[in-house]
Amino acid sequence: MVALIDSLGADKVFFVGHNWGALIAWRLCLFRPDKVKALVNLSVHFTPRNPKRKILENVRAAYGDDHYICRFQEPGEMEVVFASYGTKKVIEKFLTYRDRDPFYFPADKPFGALYDTPVILPSWLSERC
């Protein structure tokens with residue numbers, strides 16, 4: 001992020017983070033406050049680092065091995081799963097996910113309960129988009 005900010009020729013930026021990006025945004029503010037004018041984060045509250053426990057251990061303890069953060073740790077593994085679905089279906093599943101629980105990807109059903117459900121696109125998302 002610092003290299004991106006520098007490449008834009010900016011001294012400080014207004015930064016907006018969402019979901020995984022929010023985690024990066026929080027760290028940018030912590031480690032390089034000199035680069036940030038203000039921060040707006042969506043979906044992820046700030047969680048201080050616990051030096052006695054790794055983030056992955058916390059996620060696994062709270063949500064189990066099927067949580068997306070745990071499943072995305074092995075390079076190439078989820079790419080194979082997603083390839084078996086096809087790009088269109090994976091993007092549709094991500095864009096239409098409405099459950100309040102975090103994404104789960106059980107080995108036998110990559111999108112959990114949504115595995116066999118038909119995709120119904122919201123009004124703002126057409127096949128053409």
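The buried residues of helix H5 pack against H4 and helix H6 (87–96), where contact means heavy atoms within 4.5 Å, and helices are DSSP runs (H or I, at least four residues) numbered from the N terminus. This is a predicted model, in which local features need pLDDT of at least 70 and side-chain atom pairs count only at pLDDT 80 or more, while totals for chains, interfaces and linings use all residues. Residues are numbered from 1 along each chain as its sequence is written, and side-chain values use heavy atoms, with hydrogens and water left out.

In H5 (residues 77–85), the buried residues are Met78, Val81, Phe82 and Tyr85. Seen down the helix axis, they fall within an arc of 95°, so they line one face of H5; the arc is that of the directions from the axis to the C-beta atoms. An α-helix has 3.6 residues a turn, so residues three or four places apart point the same way. On the other side of H5, Glu79, Val80, Ala83 and Ser84 are exposed. After H5 comes Gly86, whose phi is positive, near 100°.

| Residue | Relative accessibility | Class |
|---|---|---|
| Leu4 | 47% | partly exposed |
| Arg71 | 12% | buried |

Arg71 lies in helix H4 (residues 68–71) and, not counting residues up to four places away in sequence, touches Asp65, Asp66, Glu77, Met78, Val81, Phe105, Pro106 and Ala107. Leu4, in contrast, is found in helix H1 (residues 2–7).

Key
Helix = DSSP H or I, 4+ residues; strand = E, 2+ residues; numbered from the N terminus. Buried < 20%, exposed > 50% of the residue type's maximum accessible area, 1.4 Å probe, protein only.
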